[in-house]
Amino acid sequence: MKHSGVSLLVFGISFICLFLCIQARRHYHTQHHKHSHLHKSSTISEPPTPPPEPASHPPVPANPSGGSGNSTGVFDVRSFGAIGDGITDDTDAFKMAWEAACNQDDSAVILVPYGFEFMIQSTIFTGPCHGGLVFQVTSFVSPVMLFFVPLEVCKDLLILVIGYVLFNEKVDGTLMPPDGPDSWPQKNSRRQWLVFYRINEMSLLGGGVIDGRGEKWWDLPCKPHKGINGTTMPGPCDSPTAIRFFMSSNLTVQGLKIKNSPQFNFRFDNCKNVHVESIHITAPALSPNTDGIHIENTNGVEIYNSVISNGDDCVSIGSGCYDVDIRNITCGPSHGISIGSLGNHNSRACVSNITVRDSVIRVSDNGVRIKTWQGGSGAVSGITFSNIHMDNVRNPIIIDQFYCLSKGCTNQTSALSVSDILYENIKGTYNIRSPPMHFACSDSVPCTNLTLSDIELLPAEGDLVLDPYCWNAYGDFRTLTIPPVSCLMEGIPRSSLHNEMDYC
């Protein structure tokens with residue numbers, strides 16, 4: 001009777017997984033990586049519900065047959081010699097698994113199993129590959145995951161589900177770099193850890209953990225220390241970005257937990273069609289330069305349903321980015337969600353069509369911010385910040401065109417143009433040390449067409465601050481704001497009508 005019960009359970013799970021595979025593949029063909037960005041204004045005023053942390057799912061065994069996975073399309077890194085004790089260097093095993101999966105004619109899964117801590121040196125995983133890849137730092141086959149797994153791999157993952165029922169083995173995984181600068185090989189780059197280069201159609205999935213082991217990097221003498229006697233000293237200061245995608249397209253990152261990155265957690269450079277969802281990023285509030293997600297020269301980006309708490313911007317948007325949709329992010333403690341900094345070293349920068357909506361920012365230095373250096377050129381335009389709840393944020397709404405990291409920055413005549421910025425339904429509380437709205441625009445290139453609607457910002461404690469700051473800022477109101485903003489100027493300044501060199 002016991003054997004019969006197990007058989008029925010295996011059959012039931014098999015049928016469900018096969019059905020989900022077929023449905024997911026149909027959905028994949030019609031929906032995957034469509035970036036329409038047809039945004040609808042939300043009418044809710046309560047804080048959006050924070051997305052749940054990625055769940056711990058019932059796992060399944062990696063490659064139960066014990067082979068390398070070449071015939072099944074599932075490549076378990078242990079089959080290529082990975083030990084997973086957190087001490088042994090498993091870099092070569094991961095490289096071999098990548099090479100085998102990348103050269104597979106059909107799509108393949110690189111599997112990182114549970115109960116193991118894989119230490120990997122700074123590595124570049126290079127494409128193009130023959131088929132789409134799934135780099136999976138867990139092996140639970142959830143319905144969500146099946147949306148991103150090609151049909152030809154579904155049958156192999158189905159075998160793994162059956163294996164779970166029969167063997168009840170756990171298989172989430174942990175990836176980590178060497179422990180700090182002293183353990184980092186001199187021949188390896190100190191600016192990046194895991195790099196995915198020239199990849200088309202890849203998914204980085206799972207409920208596993210990426211542990212950046214960043215504490216020793218944060219304590220380098222060159223880093224900004226914010227203690228009572230904190231100092232910053234000269235010396236080598238390069239620290240690695242944890243995960244970087246470079247010149248790649250049609251990417252999905254979903255479900256991962258990443259903690260204590262030495263510097264940026266994720267960075268996307270020169271990429272297109274990027275979907276990030278349900279990730280959880282954590283680092284201490286005073287960890288320097290630990291931006292959650294940074295994008296540069298990247299377009300067609302969706303960042304959804306994630307929790308980010310770190311020592312810098314939750315999301316930072318650099319030059320060359322457009323068509324970016326950020327939705328349902330719980331951010332903080334942090335430095336907020338930022339466009340910039342842009343225009344450093346008199347460079348040209350262009351950013352357009354960015355939407356941040358339905359999100360919560362809490363206990364952060366900034367809320368939604370645009371920051372540019374003096375002396376730059378280009379434009380920031382078509383930006384929407386909508387339906388955002390602030391919880392004890394120092395600067396909920398800020399444009400800073402005088403951004404500077406030291407006291408030695410001199411005034412310059414050129415600047416980026418900042419125009420067509422919409423702030424709507426932004427409510428919550430601010431830290432009374434500074435005004436809740438701050439529009440500091442260039443002397444020579446004013447900010448134009450700033451629109452405020454349904455803004456209600458109250459002090460977390462104490463009296464209402466009645467003096468929002470404006471400098472050379474032009475805009476209007478769709479509704480009255482709390483606190484009132486009387487410093488915005490109306491119309492379009494004459495200098496903007498004849499200044500075409502700043503536009504992109």
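**Close-up 1. The disulfide of C441 and C447.** The torsion about the S-S bond of C441 and C447 is about -105°, so this disulfide is left-handed. The two sulfur atoms of C441 and C447 lie 2.0 Å apart; a disulfide is a pair of cysteine sulfur atoms within 2.5 Å. C441 is buried, with a relative accessible area of 0%, and C447 is likewise buried at 0%. Buried stands for under 20% relative accessible area, exposed for over 50%, and partly exposed for values in between (1.4 Å probe, protein chains only). The model is predicted: local features need pLDDT of at least 70 and side-chain atom pairs count only at pLDDT 80 or more, whereas totals for chains, interfaces and linings use all residues. Residues are numbered from 1 along each chain as its sequence is written, and side-chain values use heavy atoms, with hydrogens and water left out.

**Close-up 2. The disulfide of C314 and C331.** By the 2.5 Å rule, the count comes to seven disulfides. One of them is formed by C314 and C331, with sulfur atoms 2.1 Å apart. The link of C314 and C331 is right-handed, with 95° about the S-S bond. C314 lies in the loop between β18 (299-309) and β19 (315-317) and C331 in strand β20 (residues 321-331), so the pair ties together parts that are 17 residues apart in sequence. Helices (H or I, at least four residues) and strands (E, at least two) are DSSP runs, numbered from the N terminus. C314 counts as buried at 0% relative accessibility, and C331 is buried with a relative accessible area of 0%.

**Close-up 3. The disulfide of C470 and C487.** The sulfur atoms of C470 and C487 are 1.9 Å apart and form a disulfide. This link of C470 and C487 is right-handed, with 45° about the S-S bond. C470 belongs to strand β29 (residues 469-471) and C487 to the loop between β30 (473-477) and α6 (494-497), so the pair connects parts that are 17 residues apart in sequence. C470 counts as buried at 15% relative accessibility, whereas C487 is partly exposed, with a relative accessible area of 25%.

**Close-up 4. The cysteines C271 and C321.** C271 is in no disulfide, and the nearest cysteine sulfur, that of C321, is 9.9 Å away. For the sulfur of C321, the closest cysteine sulfur is in C271, too far for a bond. C271 is buried, with a relative accessible area of 2%, and C321 is buried at 1%.

**Close-up 5. The open sheet of 11 strands.** With parallel pairing, the strand order is β5-β8-β11-β14-β17-β19-β21-β23-β25-β27-β29; two strands pair if DSSP finds at least two bridges between them. β5 (123-126) and β29 stand at the edges, each with a single partner strand, so one side of each has no neighbour in the sheet. Neighbouring strands of this sheet are turned by 15° against each other on average, direction ignored. Axes are lines fitted to C-alpha atoms, for helices over the stretch in contact, and angles run from 0 to 180 degrees between N-to-C directions.

**Close-up 6. Strands β17 and β19, and helix α2 on the sheet.** Strand β17 (residues 293-296) runs parallel to β19 and is joined to β19 by three bridges. I295 stands opposite I317 in β19. Helix α2 (residues 91-102) packs on the sheet, where α2 touches β5 and β8 (192-197); contact means heavy atoms within 4.5 Å. The direction of α2 makes about 10° with that of β5.
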